[in-house]
Amino acid sequence: MPFISVIIPTFNRADFLREALASLAAQKFKDFETIVVDDGSEEDIEAVARSCGFPVQYLSLRNSGQGVARNAGVGAARGDYITFLDSDDLWFPWTLEAFAGAIRDTGVPAWVMGNAKEFRSPQELQETHWTSAKYEKHRDYLASAVTDAWIPGCGVAVRRKAFEMAGGFTERRINGEDSDLWIRLGEAPGFVHLRSPHTLAYRTHAGSAVTNVERLWDGMQHLVAQENGGIYPGGQRRRLERWRILSRHTRAASRSLLSAGWNQEAMKLYRQTFRWNFRLARWKYLAGFWAQFWQNAGRFSAPTVGASYRPAK
């Protein structure tokens with residue numbers, strides 16, 4: 001059995017997929033399997049997967065969204081740990097080695113979160129080099145709330161049993177499905193935040209899902225509903241830790257919604273999370289939101305798309 005299963009969901013990104021698979025072929029750590037999940041592409045994704053030069057398991061689905069594709073990949077996985085590499089992103093040659101080393105050195109944690117370097121062209125990554133491993137070990141993810149531990153779904157290694165117990169990714173087509181899962185993994189014992197080296201090269205481009213404002217709005221509503229519905233672990237005793245993590249996303253999202261002209265939605269999100277931010281003494285945000293709101297008032301006649309967000313620190 002492989003130690004790590006690498007799951008690559010993709011939809012009509014054959015050229016990017018070739019680059020992602022090449023970065024996987026360059027891994028120094030070799031005890032892994034690769035599963036490419038084609039989410040109903042019109043391109044010949046199977047041909048790309050079969051021509052990469054190393055064994056790949058290929059799954060084909062009707063187009064159902066990234067959450068469905070990732071979960072299907074996990075269903076076919078055999079590794080003790082699972083990782084995700086989006087087809088438009090890249091890994092460094094040491095990525096799996098860094099994950100495996102952190103797992104070994106910290107006593108088989110439920111999951112390890114890496115760190116990302118954004119890029120637009122692969123040439124921008126040439127100056128990125130291996131550095132000695134530095135990581136923070138926490139009893140669980142919620143305990144890391146005072147730090148800025150967050151990364152997209154393709155920047156983690158999760159023990160397969162922990163992933164399954166948490167219920168996997170939501171299958172709704174939203175932004176923030178990774179953040180939702182991270183919080184549902186909130187009390188899984190053993191969380192490691194790998195601060196260095198960089199483990200994920202995160203490509204920014206016009207087709208990135210994060211730039212879709214409607215999906216951003218739907219994702220924030222999902223996070224709020226999950227928290228208010230008592231779905232996330234920890235109950236009352238750990239709500240401040242959850243709020244600290246969740247509000248990093250909702251604060252950034254409300255600003256992005258304002259920037260995109262979604263003023264009513266931004267205001268609703270502000271009100272939904274006012275209690276969180278008040279309890280956390282986020283005075284700068286609570287006041288600054290209004291300044292941006294009135295500055296934007298009347299500027300937009302209709303909602304637009306194209307804004308993106310990153311969780312606030």
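Predicted model: local features only at pLDDT ≥ 70, side-chain atom pairs only at ≥ 80, totals over all residues.
Buried here means under 20% relative accessible area, exposed means over 50%, and partly exposed is anything in between, using a 1.4 Å probe and protein chains only. Residues are numbered from 1 along each chain as its sequence is written, and side-chain values use heavy atoms, with hydrogens and water left out.

- Two strands count as paired if DSSP finds at least two bridges between them.
- Strands of a sheet pair through backbone hydrogen bonds, either parallel or antiparallel.
- Eight strands make up an open sheet with mixed pairing, and the order across it is S3-S2-S1-S4-S9-S6-S10-S8.
- The edges belong to strand S3 (57-61) and strand S8 (134-138); each has a single partner strand, so one side of each is left without a neighbour in the sheet.
- Neighbouring strands in this sheet are turned by 20 degrees against each other on average, direction ignored. For that angle, axes are lines fitted to C-alpha atoms (for helices, over the stretch in contact), and angles run from 0 to 180 degrees between N-to-C directions.
- S8 runs antiparallel to strand S10 (residues 191-196), and five bridges join the two.
- Within that pairing, Tyr135 sits opposite Leu194 in S10.

**The three-stranded sheet**

- Three strands form another open sheet, in the order S5-S11-S7, and the pairing here is mixed too.
- Strand S5 (90-91) and strand S7 (116-119) are the edge strands, each pairing on one side only.
- S7 pairs with strand S11 (residues 200-203) in the parallel sense, over four bridges.
- Phe119 stands opposite Arg203 in S11.

**Salt bridges**

- A salt bridge here is a side-chain nitrogen of Lys or Arg within 4 Å of a carboxyl oxygen of Asp or Glu. Searching the whole structure turns up 16 of them.
- Arg50 and Glu46 make one, with the closest N and O atoms 3.5 Å apart. The two are four residues apart in helix H2 (residues 45-50), which means they are separated by about one helical turn.
- Arg70 bridges to Glu177, the closest N and O atoms being 3.4 Å apart. This pair links distant parts of the chain, 107 residues apart: Arg70 is in helix H3 (residues 66-76) and Glu177 is in helix H6 (residues 177-184). Both Arg70 and Glu177 are buried.
- Arg238 pairs up with Glu187, with 3.3 Å between the closest N and O atoms. Arg238 lies in the loop between H7 and helix H8 (239-259) and Glu187 in the loop between H6 and S10, so the pair ties together parts that are 51 residues apart in sequence. Arg238 is buried at 3% relative accessibility, whereas Glu187 is partly exposed at 29%.
- Salt bridges with shared partners join Asp140, Glu187, Arg237, Arg238 and Glu241 into one network.

**Helix H7**

- Contact means heavy atoms within 4.5 Å.
- Gln221 is in helix H7 (residues 213-228) and counts as buried, with a relative accessible area of 19%. Leaving aside residues up to four places away in sequence, Gln221 touches Lys268, Leu269 and Gln272.
- Asp218 is also found in helix H7, where it is partly exposed at 25% relative accessibility. With residues up to four places away in sequence not counted, Asp218 touches Arg172 and Ile174.
- Asp218 and Gly176 are 42 residues apart in sequence but 8.9 Å apart in space, C-alpha to C-alpha.

**A nonpolar patch**

- Phe274, Phe278 and Trp283 make a nonpolar surface patch of about 340 Å².
- Patches are built from residues with over 30% relative accessible area and no salt bridge; like charges are joined within 9 Å, and nonpolar side chains (Val, Leu, Ile, Met, Phe, Trp, Tyr) within 5 Å.
- The accessible areas come from the Shrake-Rupley method with a 1.4 Å probe, and for residues only the protein chains shown count as cover.
- Phe278 is in helix H10 (residues 274-279), and at 48% relative accessibility Phe278 counts as partly exposed.
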